[in-house]
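Welcome, and thanks for taking a look at this one.

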Amino acid sequence: MKKLMMKGNEAIAESAIRAGCRLYFAYPITPQSEIAEYMARRLPEVGGVFLQTESEIATVNMVYGAACTGKRAMTSTSSPGFSLMQEGISYIAGAELPCVFVDVVRGGPGLGNIQPSQGDYFQAVKGGGHGDYRLIVLAPSTLQEAVDLTQLAFDLADRYRNPVLILADGMIGQMMEPVELLKMRDLSTLPDHSDWALRGARNREPHRIAAFNIDPVGLERMNKRLQEKYRLIEASEQRWEEYRVDGTEYLMVGYGTMGRILKSVVDSLREEGIPVGLFRPVTLWPFPKKRLKELAEKVKLIFVVEMSSGQMVEDVQISVEGKVPVHFYGRMGGFVPTPEEILSAFKEVRKWK
C-alpha cells in the first residue's frame with residue numbers, strides 16, 4: 001500500500017473513518033480544528049454524519065446519545081474543550097458506552113495558548129470527571145502510530161464497552177509525515193451490540209442504558225463491576241516501546257512527542273559511551289508499570305522528560321516503588337524541550353550520582 005503525506009489531524013480523521021466511524025460531533029478549537037474540517041468534507045462521502053455543535057458540552061452529550069446506538073462515534077477537541085466535556089465523559093464511562101475522544105493538547109492552565117503541551121495527563125489518566133471511572137488512554141509519538149492507534153481505539157472501545165482517549169499534542173496534530181492508511185473496514189463486520197444498543201424495541205424487550213443508580217447498594221455493585229473490567233484492561237492492554245535498553249545503566253522515560261525526541265538524546269549519549277535507554281509508554285492508562293518496574297531493577301537512575309510541570313513522573317515513581325532514583329525535567333507554556341537542553345539536564349543529574 002502506498003504512503004500519503006498527511007497532516008496529523010487529517011490522518012487521525014481519515015483513520016477514524018476507515019475504522020468505521022460514521023458519527024462525529026465537534027466544536028472547533030485550535031490546534032485540532034482540521035479534524036473537524038476534514039470530517040465535515042469527508043463523512044458525507046461515506047454516508048456518515050458530521051454535526052458542528054454549539055459547545056463542547058453539547059458535543060459530549062451528542063456523543064453519549066450516538067454511542068447508545070452501538071455505532072462507532074467520535075469527537076475531537078483540545079485542552080479547554082476537553083475540560084468542558086468531563087461531566088459527560090463520566091456519564092459515558094458509567095453507562096459503559098464505546099466511543100473515542102481525541103485531545104490534541106495545548107498549553108494551559110485556563111485558555112493558555114495554542115502551542116503543544118502534555119499538561120492534560122492528570123485529566124486524562126486520573127479521571128477529570130467525578131467517580132471512580134477510567135479511560136483507556138493511547139499516546140502516539142508519530143503520525144503512523146496515530147493512524148494505527150486510532151484504529152485500535154475503536155476496537156478497544158467496542159471490546160470493553162469503554163470510552164478511549166487518544167492523547168496527542170499540537171506537534172502531532174500539526175506536523176506532516178508520510179503515513180500508510182489501513183483499508184476501509186466493512187461496516188457489516190463491526191461488532192453488532194444488538195444485545196444492549198438502543199435501536200427501537202419492536203418485537204423485543206426494551207433495553208435500558210443508565211449511568212447512575214439511586215440505591216447505594218446498587219451503585220456500589222455497579223462500581224464493583226466497573227472495577228473488575230478495569231482490572232481486566234490493566235492485565236491485558238499495557239503497551240509500550242523500548243529503545244536501546246539492553247545493557248543500559250540509565251533509563252529515560254517519555255511519551256508522545258517527548259518519547260520521540262528522547263530517541264535522539266539516547267543516540268547521542270550512546271555515541272559518547274554512556275549506556276542510556278528509552279522506555280516510552282504507549283498506553284498512559286493502563287500505565288505499563290509492570291515492565292517499567294522490571295527495568296528499574298537494572299538501572300542506576302530514571303530520567304523523566306515531559307512537556308509539563310511533571311505529571312506522568314508520578315506514575316513512574318509509583319511503578320518503580322522507590323527501587324531507583326527518579327529525576328524529572330520539563331518545560332511548560334508550549335515549549336518543547338530540545339535534545340541539547342535535555343542532554344545538559346541529564347548530564348547534570350548524572351554528575352551528582
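Two residues are in contact here when heavy atoms lie within 4.5 Å. With that in hand, the buried residues of helix H5 pack against helix H3 (56–67), helix H4 (79–84), strand E5 (99–105), H6, strand E7 (163–169) and helix H9 (216–236). Please keep in mind that this is a predicted model.

**Helix H5, an enclosed helix**

- Helix H5 spans residues 86–95, and eight of its ten residues are buried, so the rest of the structure largely encloses it.
- The buried residues of H5 are Gln86, Gly88, Ile89, Ser90, Ile92, Ala93, Gly94 and Ala95.
- Just after H5, the backbone of glutamate 96 adopts a positive phi of about 55°.

**The seven-stranded sheet**

- Seven strands make an open sheet in the order E3-E2-E4-E5-E7-E6-E12, and their pairing is mixed.
- Its edges are strand E3 (49–52) and strand E12 (283–285), each of which pairs on one side only.
- On average, neighbouring strands of this sheet are turned by 20° against each other, direction ignored.
- Strand E2 (residues 23–26) pairs with E3 in the parallel sense over four bridges, and alanine 26 stands opposite glutamine 52 in E3.

- Another open sheet has five strands in the order E9-E11-E10-E13-E14, with mixed pairing.
- The edge strands here are strand E9 (240–243) and strand E14 (326–330), and each pairs on one side only.
- From one strand to the next, the twist averages 20°.
- Strand E10 (residues 250–253) and strand E11 (residues 276–281) pair in the parallel sense over four bridges, with valine 253 opposite phenylalanine 279 in E11.
- Helix H10 (residues 256–271) lies across E9, E10, E11 and strand E13 (301–306), and runs at about 170° to E11.
- Helix H13 (residues 339–351) lies across E10, E11, E13 and E14, and runs at about 150° to E13.

**Nonpolar cores**

- The largest nonpolar core has 94 residues, and Met74, Ile302 and Val316 have the most contacts inside it.
- Helix H7 (residues 143–160) gives the most to this core, with ten residues.
- Setting aside residues up to four places away in sequence, the residues that methionine 74 touches include Ile12, Leu23, Phe25, Met39, Val63, Val102 and Phe154.
- A second, separate core of 21 residues includes Met252, Val305, Ala345 and Phe346.

**Aromatic pairs**

- The count of aromatic pairs comes to seven.
- One of them is the tilted pair of tyrosine 121 and tyrosine 255, at 5.6 Å centre to centre with 45° between the planes.
- This pair links distant parts of the chain, 134 residues apart: tyrosine 121 is in helix H6, and tyrosine 255 is in the loop between E10 and H10.
- Both tyrosine 121 and tyrosine 255 are buried.
- Ring pairs also join Tyr250, Phe303 and Phe346 into a cluster.

**Glutamate 237, a buried acidic residue**

- Glutamate 237 is in the loop between H9 and E9, and its relative accessible area of 4% is why it counts as buried, the cut-off being under 20%.
- Its side chain makes polar contacts with the side chains of two arginines: arginine 159 at 3.1 Å and arginine 239 at 2.6 Å.
- Not counting residues up to four places away in sequence, glutamate 237 touches Leu156, Arg159, Tyr160, Thr283 and Pro286.

**Lysine 126, a partly exposed basic residue**

- Lysine 126 is in the loop between helix H6 (121–125) and strand E6 (136–138), and counts as partly exposed because its relative accessibility is 39%.
- Beyond its neighbours within four places in sequence, lysine 126 is in contact with Tyr121, Arg134 and Asp315.
- The side chains of lysine 126 and aspartate 315 are joined by a polar contact of 2.8 Å.
- The C-alpha atoms of lysine 126 and tryptophan 285 are separated by 8.6 Å, although these residues are 159 places apart along the chain.

Methods. Residues numbered from 1 in each chain as written. Predicted model: local features only at pLDDT ≥ 70, side-chain atom pairs only at ≥ 80, totals over all residues. Heavy atoms only, no water. Helix = DSSP H or I, 4+ residues; strand = E, 2+ residues; numbered from the N terminus. Buried < 20%, exposed > 50% of the residue type's maximum accessible area, 1.4 Å probe, protein only. Polar contact = N/O pair within 3.5 Å; in protein donor to acceptor, adjacent residues only side chain to side chain. Pairing = 2+ DSSP bridges. Axes fitted to C-alpha atoms, helices over the stretch in contact; angles between N-to-C directions. Core = buried A, V, L, I, M, F, W, Y, C linked by side-chain atoms within 4.5 Å. Phe/Tyr/Trp six-rings, centres within 6.5 Å; stacked < 30°, edge-to-face > 60°.
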